Amino acid sequence: MTTFVLASASPARLATLRKAGIDPQVVVSGVDEDQLDGLPPIELALQLAQLKCAAVVARDDLPEGAVVLGCDSVLELDGQALGKPDDAADAINRWQAMRGRSGVLHTGHALTDTVTGKTVSKTASTIVHFADVTDAEIAAYVATGEPLYVAGAFTVDGLGGAFVTGIEGCHHNVVGVSLPLVRNLLAEIGHGWTGFWKQG
Ligand SMILES: Nc1nc2c(ncn2[C@@H]2O[C@H](COP(=O)(O)OP(=O)(O)OP(=O)(O)O)[C@@H](O)[C@H]2O)c(=O)[nH]1
């Protein structure tokens, strides 16, 4: 039986996979995400996902047969890759810049089979339209603390949901893991998505 390993500390990624029937073993990669600053957003998300996946694959405490998934999400706005805000002031500035506009949430995905060594990776992108929120709404949202823990300083499925007027593309990709993309990547390395149901 092949074990599905999620190389991520993201509670949202774990919850998304569990709701979709996969209960992964979580092994956090510990990769330093600042090492690739300056890359174009799509490339940054992909390379960080690859680094996270590789760091976990290299460990000697994984189950015998495993597929390891690494992910990284960034929001692209004005050509810049925005991860988690540095602090509350940064989160406020981000929202003042993005309200009433659109950005692209890119999530890099890297998947490796530890037995065959086969590895595939791809970035999925979702356009996100933001409401023209008021300064008071921004202050209230940042005061909840939520924006500080997520790429792009917003969630589509949490308190930020009222401030996202629409998306074009995969919803789960915005949350942190594109389920249809993972299904395709698994097929590329010889695994079926439904084969991982009822694990754990
Ligand atoms: N619930 C939710 N989380 C979001 C959303 N957008 C981004 N995130 C989270 O923001 C975080 C992006 O940071 P990453 O560096 O990709 O991942 P991380 O949480 O630091 O965890 P690692 O994979 O271990 O690095 C992830 O946890 C995403 O799930 C959203 O719309 N909803």
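In these legends, a residue is called buried when its relative accessible area is under 20% and exposed when over 50%, with partly exposed in between (1.4 Å probe, protein chains only). Helices (H or I, at least four residues) and strands (E, at least two) are DSSP runs, numbered from the N terminus. The model is predicted: local features need pLDDT of at least 70, side-chain atom pairs count only at pLDDT 80 or more, and totals for chains, interfaces and linings use all residues. Residues are numbered from 1 along each chain as its sequence is written, and side-chain values use heavy atoms, with hydrogens and water left out.

View 1. Helix α4 spans residues 135-143, and its buried residues are Ile138, Tyr141 and Val142. These residues lie on the same side of α4, because they cover an arc of only 95 degrees around the axis (the arc is that of the directions from the helix axis to the C-beta atoms). Against α3 (88-98) the buried residues of α4 pack, where contact means heavy atoms within 4.5 Å. Exposed Ala136 and Ala143 are carried on the face of α4 turned away from the buried side. Gly145, with a positive phi near 90 degrees, follows the helix.

View 2. In α6 (residues 179-188), the buried residues are Leu179, Leu181, Val182, Leu185 and Leu186. Their arc around the axis is only 155 degrees, so they are on the same side of α6. Elements covering these buried residues include β1 (3-6), α1 (11-19), β3, β5 (102-113), β6 (119-130) and α5 (171-175). The face turned away from the buried side of α6 carries exposed Arg183, Ala187 and Glu188. After α6 comes Gly190, whose phi is positive, near 90 degrees.

View 3. Asp72 is placed in strand β3 (residues 66-77) and is buried, with a relative accessible area of 2%. Beyond its neighbours within four places in sequence, Asp72 is in contact with residues including Arg13, Glu33, His106 and Thr107. Its side chain makes a polar contact of 2.7 Å with the side chain of Lys52. A polar contact is a pair of N or O atoms within 3.5 Å; within protein, one must be able to donate a hydrogen and the other to accept it, and residues adjacent in sequence count only if both atoms are side-chain atoms.

**View 4. Cys53 and Cys71.** The count of disulfides (pairs of cysteine sulfur atoms within 2.5 Å) is zero. The sulfur of Cys53 is 9.1 Å from its closest cysteine sulfur, in Cys71, and is therefore too far for a bond. Cys53 is buried at 1% relative accessibility, and Cys71 is buried at 0%.
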